[in-house]
Amino acid sequence: MELLTKLVEAAKTISNPYVEEWKEKGGKIIGYSGAYIPEEIIYAAGMLPYRIGGREATKVTTADMYFGPVTCNYVKCLLENAADGRFDFLDGAIITYECDHIRRIFDTWRKAAKDGNARLPPFFEYYGLPHSRGEHATRLLMAETRRLIKAMERHFGVEVTGEGLRDAIKVYNKTRRLLRKLYELREKDKVPLTGAETLGVVVAGTVMPKDEYNKQLEKLLGGLEKKKGISGKPRLMLAG
């Protein structure tokens, strides 16, 4: 399917037609390190949330200068992309505590930039996310979220309003509902797309405008529901 190919291709490279068009129109792009970052805030500020990653990295020469041998290659490739200038199109980046290794990206990216080995985005923030529940954790989460919003407003001269956040939540909740339908198709005895194709579709949603993604995903689901599924092949999960 042409639409499936279009989405999967957008997920394969650092840049893609959607990012290029966004920049050509003067839009701002904020990179984020993982699923714990509240993308809705970036969306409500009128900017494009873009999940940074290790795509296209073929070496870790610079990253090995800053990370030890036990650091995962995903994180090393992420820093290597920053060192090779692949993230220079970003107007900002937000890092949070996904794991110990990704947490260190905030320090090592700044150090690499100070050493002249990478470019630091003009807006570079750490989002301190608690990994527990309780009154103290809730206060910390609220304080960090408010601090992040104020930092974005101050740096970019924008305003994140309650109405803007509500609109963003609606858009993102629609994405979640559509992705749930995509996963449900994978539960069928005859699946209409492979696991690799599914991954490509999901990743595409993290590197392109959500409004456009929702439109394309909705159309894709309509076509997949009518598609003759794949059968007779074992399903294997690769983890790690």
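Throughout these legends, a contact denotes heavy atoms within 4.5 Å. The structure is a predicted model, in which local features need pLDDT of at least 70 and side-chain atom pairs count only at pLDDT 80 or more, whereas totals for chains, interfaces and linings use all residues. Residues are numbered from 1 along each chain as its sequence is written, and side-chain values use heavy atoms, with hydrogens and water left out.

Figure 1. Helices (H or I, at least four residues) and strands (E, at least two) are DSSP runs, numbered from the N terminus. Apart from residues up to four places away in sequence, Y74 touches I52, G53, G54 and I102. The relative accessible area of Y74 is 36%, so the residue is partly exposed. Here buried means under 20% relative accessible area, exposed over 50% and partly exposed in between, with a 1.4 Å probe and protein chains only. A separation of 17 Å lies between the C-alpha atoms of Y74 and T206, which are 132 residues apart along the chain.

**Figure 2. The aromatic pair Y43 and Y172.** Rings of Phe, Tyr and Trp (its six-membered ring) pair if their centres lie within 6.5 Å; planes under 30 degrees apart count as stacked, over 60 as edge-to-face and the rest as tilted. A search of the whole structure finds 7 aromatic pairs. In the pair shown, the ring centres of Y43 and Y172 are 5.8 Å apart and the planes stand at 85 degrees, so the arrangement is edge-to-face. This pair links distant parts of the chain, with Y43 in helix α3 (residues 39-44) and Y172 in helix α9, 129 residues apart. Y43 is partly exposed, at a relative accessible area of 22%, whereas Y172 is buried, at 3%.

**Figure 3. The aromatic pair Y50 and F89.** The rings of Y50 and F89 have centres 5.2 Å apart and planes at 85 degrees, so this pair is edge-to-face. Because Y50 belongs to strand β2 (residues 48-51) and F89 to the loop between α5 (73-83) and β3 (92-96), the pair ties together parts that are 39 residues apart in sequence. Y50 is buried, with a relative accessible area of 0%. F89 is also buried, with a value of 17%.

**Figure 4. Helix α7 and its cover.** In helix α7 (residues 105-114), the buried residues are I105, F106, D107, T108, W109 and A112. The elements covering them include α4 (63-66), α5, β3, α6 (100-103) and β4 (123-127). One aromatic cluster is formed by F87, F106, W109, F124 and Y126. Just after α7, G116 adopts a positive phi of about 85 degrees.

Figure 5. Although E56 is not a glycine, its phi is positive, at about 80 degrees. With 37% relative accessibility, E56 counts as partly exposed.

**Figure 6. Helix α9 at R166.** R166 lies in helix α9, which spans residues 162-185. This arginine is exposed, with a relative accessible area of 53%. The C-alpha atoms of R166 and A44 are separated by 8.4 Å, although the two residues are 122 residues apart along the chain.

**Figure 7. Helix α10 at T198.** T198 is placed in helix α10, which covers residues 195-204. At a relative accessible area of 7%, T198 is buried. Leaving aside neighbours within four places in sequence, T198 is in contact with L182, Y183, R186 and L193.

**Figure 8. The whole chain, as context for the close-up views.** The chain contains 11 helices and 4 strands. Its C-alpha atoms fill a box of roughly 55 × 45 × 45 Å along the principal axes. Buried residues make up 47% of the 240 residues. Among contacts in the chain with a separation of 6 or more, 69% are between residues 24 or more positions apart.
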